[in-house]
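Please keep the sequence and the model at hand while reading.

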Amino acid sequence: MLLAGCGGDADKASVPEGWGTLETGSLSVGYPKSEGYAEQPAAERAKANAAVALKEEDGIRTGMVSVQLDFATGVRDAAGAAAAAGAGIGLNSTRKATEDVRLAGPEDAPEAREARRIDYDFTADGQEDTPNRGTPMTGVLVAGVDSKGVPFVVRLNAVKDAVAPEDLDAFVGSITVK
């Protein structure tokens, strides 16, 4: 099944009402700001992340949207980006689904609009302000290559059932590749 941004044209994805947008040089993506997610300042995020929005409850990070750019070498297409990103999901995870998606973006760069979505479940490790070890978590990642050939991976990880399936779809549909 192919999913696309819900906007009226292919150039810009639709971001749901009440959501914020993370902007990078390669892409933009929505995050559920109305659900308590807040953009993390550049000085506070991990070096590998180009943009991050976190949801914290009582000092515990219960949700995270992150964008990584140029995270793998030798990657030239969505399949390669997904393979590299999928390898980073971890041993304590279970892949639920993998599908090709078509993102919003420039009409003159159709290859940049091709991406792969991987849905997975995992358990929290209790480290770095994450939920207690063993807490069920869910995630979705979207991987591809932007119009300049830069590989990207966008992830949303959250406590299981804290993000509705339709919001996971809206997250994927909110991505615009540049």
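Helices (H or I, at least four residues) and strands (E, at least two) are DSSP runs, numbered from the N terminus. The model is a predicted one, in which local features need pLDDT of at least 70 and side-chain atom pairs count only at pLDDT 80 or more, while totals for chains, interfaces and linings use all residues. Residues are numbered from 1 along each chain as its sequence is written, and side-chain values use heavy atoms, with hydrogens and water left out.

The pLDDT, which is the predictor's confidence in each residue from 0 to 100, averages 91 over the chain, and 94% of the residues score at least 70. Residues 1-9 have a pLDDT below 50, and beyond near neighbours in sequence this stretch has 20 contacts (heavy atoms within 4.5 Å) in the model.

**Packing of the interior**

A nonpolar core is a set of buried Ala, Val, Leu, Ile, Met, Phe, Trp, Tyr and Cys residues joined through side-chain atoms within 4.5 Å; buried means under 20% relative accessible area, exposed over 50%, and partly exposed in between, with a 1.4 Å probe and protein chains only. The largest such core has 27 residues, and those with the most contacts inside it are V29, Y37, V65, L103, V154, L156 and F171. At least two of its residues come from each of strand 2 (27-31), strand 4 (51-57), strand 5 (60-69), strand 8 (136-145), strand 9 (151-159) and helix 3 (165-173), with strand 9 giving the most, 4 residues. Apart from this core lies another, of 15 residues, among them I118, F122, L141 and V145.

In helix 3 the buried residues are L168, F171, V172 and G173, and they pack against strand 2, strand 5, strand 6 (93-102), strand 7, strand 8 and strand 9. Leaving aside residues up to four places away in sequence, F171 touches W19, V29, G30, V65, V140, V154, R155 and L156.

**Pockets**

On a 1 Å grid over the protein atoms alone, a pocket is an open set of points where a 1.4 Å probe fits, with protein on both sides within 12 Å along at least five of seven lines, and its lining residues have an atom within 4 Å of a point. Grid points are joined across faces, edges and corners, and a volume is the space filled by probe spheres set on the points. In the table, Ala, Val, Leu, Ile, Met, Phe, Trp, Tyr, Cys and Pro count as nonpolar, Asp, Glu, Lys and Arg as charged, and the others, Gly among them, as polar.

| Pocket | Volume | Lining by class |
|---|---|---|
| Largest pocket | about 660 Å³ | 8 nonpolar, 13 polar and 4 charged residues |
| Second largest pocket | about 180 Å³ | 4 nonpolar, 2 polar and 6 charged residues |

The largest pocket is lined by 25 residues, of which R61, F122, D125, T130 and N157 lie nearest its centre; strand 5 supplies the largest share of this lining, 6 residues. The lining of the second largest pocket includes R61, E128 and D129, and its largest share, 3 residues, comes from strand 4.

**Loop residues**

E128 lies in the loop between strand 7 and strand 8, and E128 and R61, although 67 residues apart in sequence, are 8.5 Å apart in space, C-alpha to C-alpha. Most residues other than glycine have a negative phi. D58, in the loop between strand 4 and strand 5, has a positive phi of about 50 degrees although it is not a glycine. D161, in the loop between strand 9 and helix 3, likewise has a positive phi, of about 70 degrees, without being a glycine. D58 counts as exposed because its relative accessible area is 83%, and D161 counts as exposed because its relative accessibility is 71%.
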